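Colleague: Please take a close look at one part of this model, the aromatic side chains. Then place that part in the rest of the fold.

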Amino acid sequence: MRKRILVSNDDGIEAEGLQVLAAALEEVAEVWVVAPEGERSGNSHALSLHRPMRVTQLRPRWFKLSGTPVDCVFMAFLKLMKETPPHVVVSGINHGANLASDVFYSGTVAIAREAALRGVPGIALSLASKVGTHFEYALPTARRLSAWALENAAPGLLLNVNIPDNGTPPEGEALTRLGVHHYRFEIVEKKEAEAPPHYWLGLRGELHYRHEPTPGTDCVAVYEHNQISITPLSVDANDEQAMASLKIQLETHWKNTKNTN
């Protein structure tokens, strides 16, 4: 039996990035698509625990879901593909970058993370542009990584991939770590007559973004070297260094507290 890839995203079932990705991966494996019915950017790892979901089949192996991006993974593994679950999950191609701390908010990355939590390789792909349309820049890397993951990736591998889109083709790939970047957010208020005000989270001014120029990071690879960044992530949230330090501090605090009582 041909191996299976689940494709999903957080931009919605009709997003161009998802359409071109699913078509490209048909060369690699049997592709199933389970994606939100509309945009769900910024949903991170949210689940629909207290509201029902609707799933609609659009054509063979293509489904849209009324829930969150991670709901799509649950629906695929526990219902739609239950008898033969996917061997790899590929998320994207996201319309916008997911670099540095973006990985904590991104539904695109959360899809791949949920796959990793299930012991299945997960790959998140993002085009580092809000206005660009060069999704073809991502396709060679998407195909190559997916084909490799189907045969060789360790269970639970999690890769976050960002593709530059500045008008020229990327100049190779780089293995990176997460960088550090900064956004200038603001709360935007809109008042309407005889109604409570509405609030939006927005970005302030044209110069609302900057990143730290740290070598070896995803931000530098994408924005300064025009390279595709491939960043391995871990689902292990333990901090062993902090654990050791905290143990000493708490033991010292406990000893001092006992001596003063």
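Modeller: Start with Y183. At 31% relative accessibility, Y183 counts as partly exposed (buried is under 20% relative accessible area, exposed over 50%, partly exposed in between, with a 1.4 Å probe and protein chains only). This is a predicted model, in which local features need pLDDT of at least 70, side-chain atom pairs count only at pLDDT 80 or more, and totals for chains, interfaces and linings use all residues. Residues are numbered from 1 along each chain as its sequence is written, and side-chain values use heavy atoms, leaving out hydrogens and water.

The structure holds 4 aromatic pairs. The ring centres of Y183 and F185 are 5.6 Å apart and the planes meet at 45°, so this pair is tilted (rings of Phe, Tyr and Trp, the last by its six-membered ring, pair if their centres lie within 6.5 Å; planes under 30 degrees apart are stacked, over 60 edge-to-face, the rest tilted). F185 is partly exposed, with a relative accessible area of 45%. Y183 also pairs with Y209: the centres are 5.3 Å apart, the planes are at 55°, and the pair is tilted. Y183 belongs to strand β9 (residues 181-183) and Y209 to strand β12 (residues 209-211), so the pair ties together parts 26 residues apart in sequence. Y209 is partly exposed as well, at 27% relative accessibility. Y183, F185, Y209 and Y223 form one aromatic cluster.

Two other rings carry a charge over the face (NZ of Lys or CZ of Arg within 6 Å of the ring centre and within 35 degrees of the ring normal). The charged end of R59 sits over the W62 ring, 3.9 Å from its centre. R118 lies over the face of F74, 4.4 Å from the ring centre.

The largest nonpolar core has 33 residues, and V33, L125 and V161 touch the most other members (a core is a set of buried Ala, Val, Leu, Ile, Met, Phe, Trp, Tyr and Cys residues joined through side-chain atoms within 4.5 Å). Elements that each supply at least two residues of this core include β1 (4-8), α1 (16-25), β2 (30-36) and β13 (228-233). A second, separate core of 15 residues includes L6, L65, M75 and I111.

M75 belongs to helix α2 (residues 69-80). Buried there are P69, V70, D71, C72, V73, M75, A76 and F77. Their cover includes β1, β2, β4 (62-65), β5 and α3 (107-117).

Now the cysteines. C72 is buried, at 0% relative accessibility. C219 is buried too, also at 0%. The disulfide count is 0 (a disulfide is a pair of cysteine sulfur atoms within 2.5 Å).

Last, the whole protein. The protein has 6 helices and 13 strands (DSSP runs numbered from the N terminus: helices H or I, at least four residues; strands E, at least two). Of its 261 residues, 44% count as buried. Among contacts between residues at least 6 apart in sequence, 76% join residues at least 24 apart. The C-alpha atoms fill a box of roughly 70 × 55 × 45 Å along the principal axes.

Methods. Contact means heavy atoms within 4.5 Å.
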